[in-house]
Amino acid sequence: QVQLVESGGGLVQAGGSLRLSCAASGGIFSTYPMGWFRQAPGKEREIVAAISWYSGGSTDYADSVKGRFTISRDNAKKLVYLQMNSLKVEDTAVYYCAASAARRVGTITRKYEYDYWGQGTQVTVSS
C-alpha cells in the first residue's frame, strides 16, 4: 500500500509562488508515474501536471498552467514536487498528489488511472 502526504500549500497573493511537495511511503515509488490534480469548490478534479516514473522523464501540463508550473521528482527521496509560479486567483483549489501502479513508460493524465491519492493541501491565491 502506498501512502502519499502533500505539504506546502497556503495563502499567497496573485503573482506569487508556492512549492508543493508530496512524500511517498510504501510501494516502489520509483516505478510509479505521478500526477498533481486540483479541485476547486463545485468543480471536477482536474489534472494539473504529470511526470513519468523516472527522474528527468517526460512531463505533461494542463494548458492553464503551462509555463507557470513545473513538476519534478526525486526517486531517491521518494518525493514529487510542484513548483507554482505566477499564481492566479483561479489556481485556488485543493491540490492532490497521486500515484499510478500502471506499468507505463510515459505520463498518465486521466484521474481514473491513478491508484493512490494523498489527502490534499489547500492553495488559496488572493487578488
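Mentor: Let us begin with strand β1 (residues 3–7), which pairs with β3 in the antiparallel sense over 5 bridges. Strands (E, at least two residues) are DSSP runs numbered from the N terminus, and two of them pair if DSSP finds at least two bridges between them. This is a predicted model, in which local features need pLDDT of at least 70 and side-chain atom pairs count only at pLDDT 80 or more, while totals for chains, interfaces and linings use all residues. Residues are numbered from 1 along each chain as its sequence is written, and side-chain values use heavy atoms, with hydrogens and water left out.

Within this pairing, L4 has A24 of β3 as its bridge partner. β3 also pairs with strand β8 (residues 79–84), again in the antiparallel sense, over 6 bridges. There, the bridge partner of C22 is V80 in β8.

C22 has a further partner. A search of the whole structure finds 1 disulfide, a term for a pair of cysteine sulfur atoms within 2.5 Å. C22 and C97 form this bond, with their sulfur atoms 2.1 Å apart. The two cysteines link distant parts of the chain: C22 lies in strand β3 (residues 18–25) and C97 in strand β9 (residues 93–99), 75 residues apart. The torsion about their S-S bond is about -75 degrees, so the disulfide of C22 and C97 is left-handed. Both C22 and C97 are buried, which means under 20% relative accessible area, whereas exposed means over 50% and partly exposed lies in between (1.4 Å probe, protein chains only).

L4 brings these elements together. Its contacts (heavy atoms within 4.5 Å) include C22, A24, M34, C97 and W117, not counting residues up to four places away in sequence. L4 also belongs to the largest nonpolar core, which has 30 residues. Such a core is a set of buried Ala, Val, Leu, Ile, Met, Phe, Trp, Tyr and Cys residues joined through side-chain atoms within 4.5 Å. Among the residues with the most contacts inside this core are L4, M34, W36 and V80. β3, β8 and β9 are among the strands that each supply at least two residues of the core. A second, separate core of 5 residues includes F37, A50, A98 and Y114.

Finally, consider S72, found in strand β7. S72 is partly exposed, with a relative accessible area of 30%. It touches V80, among other residues.

Technical notes:
Helix = DSSP H or I, 4+ residues; strand = E, 2+ residues; numbered from the N terminus.
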